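Here is a friendly walk through some helix packing and some pockets. Keep the model open beside you as you read.

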Amino acid sequence: VHVSVWELMGVRLEGLVPAAILPLLLTMVFYLGTLVHSAMDNPEGFTGELQSALDVQSWRMCVGDAVWLRNQVVAPVTEELVFRGAMLPMLVPCTGPTTAIFMAPLLFGVG
């Protein structure tokens, strides 16, 4: 199979927009329950919770913190790329590229 390493990891330009937007939408739906629960606990209700989540000063403080960047950005991206980079070369010969692309995230989630 003559494909690039990026294509083996599932990264390609074709279908990139839906592949980026749909998981984000699904993640937002999953965290909606947590947001509603936090809003119920906040004395100011949903508006107060939304204001605290959208507080620019709070986000600036987080982005300026190297530990926060490491834990929230670098670690998950690195973990995913390393895991896919290690799994896909082993899965593709056994299952084929299409099955391997769907199977690697399942193994990542279980592991």
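## How α5 and α6 pack

Helix α5 (residues 66-95) and helix α6 (residues 97-110) pack with their axes 8 Å apart, at an angle of about 135°. Axes here are lines fitted to C-alpha atoms, for helices over the stretch in contact, and angles run from 0 to 180 degrees between N-to-C directions. Helices (H or I, at least four residues) are DSSP runs, numbered from the N terminus. The two helices α5 and α6 are therefore oblique to each other; angles under 35 degrees count as roughly parallel, over 145 as roughly antiparallel, 65 to 115 as roughly perpendicular and the rest as oblique. Their crossing is right-handed, a label for a near helix turned clockwise from the far one by less than a right angle.

From α5, the residues Glu79, Glu80, Phe83, Arg84, Met87, Leu88, Leu91, Val92 and Thr95 meet α6. Their partners in α6 are Pro97, Thr99, Ala100, Ile101, Met103, Ala104, Pro105, Leu107 and Phe108, with contact meaning heavy atoms within 4.5 Å. By class, this contact of α5 with α6 has 13 nonpolar, two polar and three charged residues. Ala, Val, Leu, Ile, Met, Phe, Trp, Tyr, Cys and Pro count as nonpolar, Asp, Glu, Lys and Arg as charged, and the others, Gly among them, as polar.

## About the model

This is a predicted model, in which local features need pLDDT of at least 70 and side-chain atom pairs count only at pLDDT 80 or more, while totals for chains, interfaces and linings use all residues. Residues are numbered from 1 along each chain as its sequence is written, and side-chain values use heavy atoms, with hydrogens and water left out.

## The largest pocket

The largest pocket holds about 910 Å³ of space. A pocket is an open set of points on a 1 Å grid where a 1.4 Å probe fits, with protein on both sides within 12 Å along at least five of seven lines; lining residues have an atom within 4 Å of a point. The volume is the space filled by probe spheres set on the points.

Of its 24 lining residues, Ala19, Ala20, Pro23, Glu80 and Arg84 are the closest to the centre. At least two lining residues come from each of α2 (16-41), α5 and α6, and α2 gives the most, with eight. The lining divides into 17 nonpolar, three polar and four charged residues.

About 330 Å³ of space lies in the second largest pocket. Its lining includes Thr27, Tyr31, Glu49 and Ala53, and α2 supplies the largest share, eight residues.

The axes of α2 and α3 come within 7 Å and cross at roughly 115°. That makes α2 roughly perpendicular to α3. Leu35, Ser38 and Ala39 in α2 meet Gly45, Phe46 and Glu49 in α3.
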